[in-house]
Amino acid sequence: MQIAVLTFDGFNEMDSFIAAAILNRMKAHGWAAHITSPTEHVTSLNGVTVRRQKPLEFAAEADVVLIGSGNKTRDIAADLDLLSRIRLDPSRQLVGAQCSGTLLLAKLGLIGDLPACTDLTTKPWVIEAGVKVIDAPFVAHGNVATAGGCLASQYLATWVIARGASMRNAEEAIHYAAPVGEKAFYVERAVAAVAPFITQASTIAA
């Protein structure tokens, strides 16, 4: 599984790095999560500059695409040239977005009238884009998922691993990352958030 973690200037480190780190626990299964950006370097909202691993166009060929948030998302959502470079196909890809990344999914026409999750700051903008926002950390409709809140990145990662491999693999990845003494709690919470949206029929081959 090749995974594009879309990361733009002004990105939230927790969105991109937590999801990528958990998903890369699946390296032994041939998985790889890549920081994917429109420019060679991107700088986070806290001033951390990183070099991209893949160009934005990689999203079109990836098996999974996750869109993180940032403090420049509204500008990105209004940049039609940039949006035109993001080519996604939920019929063959798993597509997820977190916080203000949900606004980009809406602008790309991938949410429609389905209920979605986002953070409290972005909520008015997503509603303005015509999306019904629900008070939940995670929701999925087929191959498209949204999450709200920085630490909800663990739920996106859990969903991707459960869909691309198995819930057992997802539990193991979350167990590794969870705090000592709270591992069972974190695993149970992640499974509870994601399991209602996982069915045998929806599992895809890794």
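**A tour of the cores and pockets**

Start by selecting L23, W31, F138, W159 and I161, which touch the most other members among the 34 residues of the largest nonpolar core, a core being a set of buried Ala, Val, Leu, Ile, Met, Phe, Trp, Tyr and Cys residues joined through side-chain atoms within 4.5 Å, where buried means under 20% relative accessible area with a 1.4 Å probe and protein chains only. Helix α6 gives this core its largest share, seven residues, helices being DSSP runs of H or I, at least four residues long and numbered from the N terminus. Another core, of 28 residues, lies apart from it and includes L82, L104, L105 and A106.

This is a predicted model, in which local features need pLDDT of at least 70 and side-chain atom pairs count only at pLDDT 80 or more, while totals for chains, interfaces and linings use all residues. Residues are numbered from 1 along each chain as its sequence is written, and side-chain values use heavy atoms, without hydrogens and water.

Return next to L23, which, leaving aside neighbours within four places in sequence, is in contact (heavy atoms within 4.5 Å) with I3, W31, A33, L66, A157, V160 and I161.

Then move to the largest pocket, with a volume of about 250 Å³; a pocket is an open set of points on a 1 Å grid over the protein atoms alone, where a 1.4 Å probe fits, with protein on both sides within 12 Å along at least five of seven lines, and its lining residues have an atom within 4 Å of a point. Of its 14 lining residues, I18, I22, Q154, A177 and Y186 are the closest to its centre.

Methods
Points joined across faces, edges and corners; volume = space filled by probe spheres on them. Buried < 20%, exposed > 50% of the residue type's maximum accessible area, 1.4 Å probe, protein only. Helix = DSSP H or I, 4+ residues; strand = E, 2+ residues; numbered from the N terminus.
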